Amino acid sequence: EKQMGEARQAKRDGAKAERALRDAVWGTRTFKNGARPRVTVVGGTGRVGAWTIRELFRMSKGEIDFVIAGRNEASATRLMQQLAGEAFVTGGREWATMQIKQQGTTSFAEVSLGDKGSMERAMAGSDLVIHTAGPFQGGKPQVLEAAIAAGVAYMDVCDDVEYCQEMKTKSEAARAAGIPAVTTCGIYPGLSNVMAAALVRQAQAKGSEPQSLKFSYFTAGTGGVGGTILASTFLLMAEDCKVYRGGEEVCLPALSEQRQVDFGPRIGTRRTMLLNLPEVVTAHQVLGVPDVDATFGTAPEFWNVLLEAIVKVVPRSLLGDREFAANFAKVSLPINRVVDAVVGSAAGMRVSLTSTDGSSNEALCTVRYLSQGVGIATAAFAFEMLEAPETIPAGVHFPEEAISPDRTAKFLARATKGAVDMEGIDALKQYLRWLPPT
């Protein structure tokens, strides 16, 4: 009888500890299925999707339910074993998830982007759907349409100008359904947009107006992300680059303008080249910066030279074909994996703002593993949508619009966790803490 009493008390103590943990993460907020949110990750078996799940699992201290939506059940099973602490994670902070006890549930749902019904079923009962199944170039917003039909909040890691602009055309439908949706929520674009918005607000608070904004990015090899980033890069190289000069849109050939950029002590100074990226358009439209562009570079330098040669030799119509890009990436991947083993998978971004009074402000963030860095940044956006949904109104938004000034410091703290080099971020967070709520 004494043993039975001790067992009952231990059970009560365990339940009390679980409630305390849940309250520490989510407070008194309730979700569709109770005290713990459910998140569907489309493309959850891919590199970006899997790392988003791992990092959101870490941020929520395991107090979350996941639906891994994809085509590869074997990969989903391995990921579920990792979350349960039964398998080893490579390509990032290896023991991150295994140190956290899983409190929620994880399941697999087989979906196809062309099958709206399968996506709606995977989203049913979820509080948020995260679309990570790239490449987004040439894609359609089927996942957002399914989310609107299912009544589920939405976000994605889109890195394509036309895709994110088409997403905006769905804003009225999302508003009518009461659905908040945020597009381009990765590391770059995504985190870089929020950094840019913070720099602009900081300059305006000092009485100056932004004049020029430069986004500069670097990824060693494939960054550990694999074929998706290769296919996306090939597709982007087939597009003219939208840049802004004196407030006017100008279209320039991919890789046509270059600059040397200092990405901090671990990465050093690298050559970067013009690329067509959505944050250029959104920064101009949302933040009102007259001059905006974005450049990208990789390592080893031979890859930059090869990319320039590909743009000159391969017809644009072929380079911009999704099937060709996917096959080209698949053929190139074995070589890239060998190179990745040599050069690593670090990534860096520098956002530079020049104001009308001649002053300048910059923010730098570098990560050791791009795949994990994308996961952390994407998870930070997801956590924001789950923790403070009232701050993001219904409709489709860009990151500059979605993360309010009074939430930016907290967001930056989460999104840059694990960064190996930072400049200007801590100053931005300190400054933003004193901004009045909006």
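Is Glu 390 buried or exposed? I looked this up in the predicted model: Glu 390 is exposed, at 57% relative accessible area.

**Salt bridges, overall.** I went through the charged pairs next and got 19 salt bridges in the structure.

**Glu 390 and Arg 29.** Glu 390 has a salt bridge to Arg 29, with 3.3 Å between the closest N and O atoms. I checked where the two sit: Glu 390 is in the loop between helix 14 (370–387) and strand 15 (395–397), while Arg 29 is in the loop between helix 1 (2–26) and strand 1 (38–42), so this pair ties together parts 361 residues apart in sequence. Arg 29 comes out as partly exposed, at 27%.

**Glu 120 and Lys 116.** Here I found a salt bridge at 4.0 Å, N to O. Both residues belong to helix 4 (residues 116–123) and are four residues apart, about one turn of the helix. I noted Glu 120 as partly exposed, with 27% relative accessible area, and Lys 116 as partly exposed too, at 40%.

**Glu 308 and Arg 271.** I read 3.2 Å between the closest N and O atoms of this salt bridge. Glu 308 sits in helix 11 (residues 301–313) and Arg 271 in strand 11 (residues 269–274); they are 37 residues apart, and the pair links distant parts of the chain. Arg 271 has 15% relative accessibility, so I put it down as buried, the cut-off being under 20%.

Last, I looked for shared partners.

Conventions. Residues numbered from 1 in each chain as written. Predicted model: local features only at pLDDT ≥ 70, side-chain atom pairs only at ≥ 80, totals over all residues. Heavy atoms only, no water. Salt bridge = Lys/Arg side-chain N within 4 Å of Asp/Glu carboxyl O. Buried < 20%, exposed > 50% of the residue type's maximum accessible area, 1.4 Å probe, protein only.
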